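Reader: I am new to this structure and would like to be taken through it. Could we begin with a term that I shall need?

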Amino acid sequence: MKQVLIINGHPDKQSYNYALSEAYLKGASKTDAILTQINIADLDFNPNLKFGYRKRTELEPDLLEAIEKIKKADHIVWVFPMWWYGYPALMKGFIDRTFLPGITFQPIEGKAIPKKLLKGKTARIIITADTPKWYDSLFMKSPAINQFKKGTLEFCGISLVKVTHISPIKGSNAYCKKNWLGKITLLGEKLK
C-alpha cells in the first residue's frame, strides 16, 4: 500500500494553502493509500540551523516524528506559497533542520555528489503565488521551484518531482479558487 505524506509549509492556518492541502487529502482519501500530514506551523521546533553541519543541534520530538514520516513516505506532497522568490522562513527552517547529512543524504569524501538517501520516493509540489506562472518561468526563472525541486528534493534522491503552479492568488475570485481546489482533489484521487 502506498504511503502518502502531505506537508503544508504555510505558517497561516487560515491560508488558501490549507484549503489546497485538505483538497488533496480529500481526493487521496478515496484511494487505498495510507495518508499522513504535517502542518509545519503546528510543530514545536527551533528553525535555526545554528551550527550549520559542523555540530548537530539536538532534534526536537516534532522533528524526529516528521523525519520518520518522510522516511516512510513513498510520495510526498508539498504545499506552500512563493514569497520573495522563495518559500516561507518556517518551511526553510524545517528543511534546514530535517534534511540533514545521514538523514536525507550522506556526503562521500572526495565526491561532489552525496549518496541520496531518499531514493525511490516521488513528490508533488503545489506552489501558490501572486506572480503569474508565465512571468515566474520566463523572467524570474522559477527560483523557488528550482531551489526546492533540484536543490533539495532531487539532491536527496526524490525523483519524478511534479509541479502544480497556482496563480495569481491575489485578486482571484471564488470561481477560480473553487476550480483550483477541484484540480487538486483530482490530483489526490490519482495520487499524483
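Predicted model: local features only at pLDDT ≥ 70, side-chain atom pairs only at ≥ 80, totals over all residues.

Reader: Which lysine lies over the face of Y16?

Author: That is K177, at 5.6 Å from the ring centre of Y16. Another lysine, K55, lies over the face of F51, and here the distance from the ring centre is 4.6 Å.

Reader: Staying with rings, how many aromatic pairs does the structure hold?

Author: There are ten aromatic pairs in the structure. One of them joins F45 and F94 in an edge-to-face arrangement, with 6.3 Å from centre to centre and 75 degrees between the planes.

Reader: Where do F45 and F94 lie?

Author: F94 belongs to helix α3, whereas F45 is in the loop between β2 and α2, so their pairing ties together parts that are 49 residues apart in sequence.

Reader: And are they buried or exposed?

Author: F45 counts as buried because its relative accessibility is 11%, and the cut-off is under 20%. F94 is buried too, with a relative accessible area of 0%.

Reader: Which residues are linked with F94 into a cluster by ring pairs?

Author: Ring pairs link F94 with F45, W78, F80, Y87, F99 and F148.

Reader: Let us turn to the helix itself. Which residues of α3 are buried?

Author: Helix α3 covers residues 89-98, and its buried residues are M91, G93, F94, I95, R97 and T98.

Reader: Now the core. Which residues touch the most other members of the largest nonpolar core?

Author: They are W78, F94, F148 and L153, in a core of 37 residues. The elements that give two or more residues to this core are β1 (3-8), α2, β3, α3, β6 (122-128) and α5. Apart from it lies another core, of 18 residues, which includes I6, A23, V79 and I126.

Reader: Going back to L153, what does it touch?

Author: Leaving aside residues up to four places away in sequence, L153 touches W78, F99, A123, I125, F148, I158 and V161.

Reader: A change of topic: where is H165 found?

Author: H165 is in strand β7, which spans residues 159-166. At 12% relative accessibility, H165 counts as buried.

Reader: What does H165 touch, and which side chain does it join in a polar contact?

Author: Not counting residues up to four places away in sequence, H165 touches I127, A129, T131, P132, K133, D136 and I145. Its side chain also joins that of S167 through a polar contact of 3.2 Å.

Reader: And P107, where is that?

Author: P107 is in the loop between β4 (105-106) and β5 (115-116). Its relative accessibility is 45%, so P107 counts as partly exposed. P107 touches P101 and P114, if residues up to four places away in sequence are not counted.

Reader: Finally, the cysteines. How many disulfides does the structure hold?

Author: It holds zero disulfides. C156 counts as buried, at 2% relative accessibility, while C176 is partly exposed, at 29%.

Definitions and conventions
Residues numbered from 1 in each chain as written. Heavy atoms only, no water. Buried < 20%, exposed > 50% of the residue type's maximum accessible area, 1.4 Å probe, protein only. Helix = DSSP H or I, 4+ residues; strand = E, 2+ residues; numbered from the N terminus. Phe/Tyr/Trp six-rings, centres within 6.5 Å; stacked < 30°, edge-to-face > 60°. Lys NZ or Arg CZ within 6 Å of the ring centre and 35° of its normal. Polar contact = N/O pair within 3.5 Å; in protein donor to acceptor, adjacent residues only side chain to side chain. Contact = heavy atoms within 4.5 Å. Core = buried A, V, L, I, M, F, W, Y, C linked by side-chain atoms within 4.5 Å. Disulfide = S-S within 2.5 Å.
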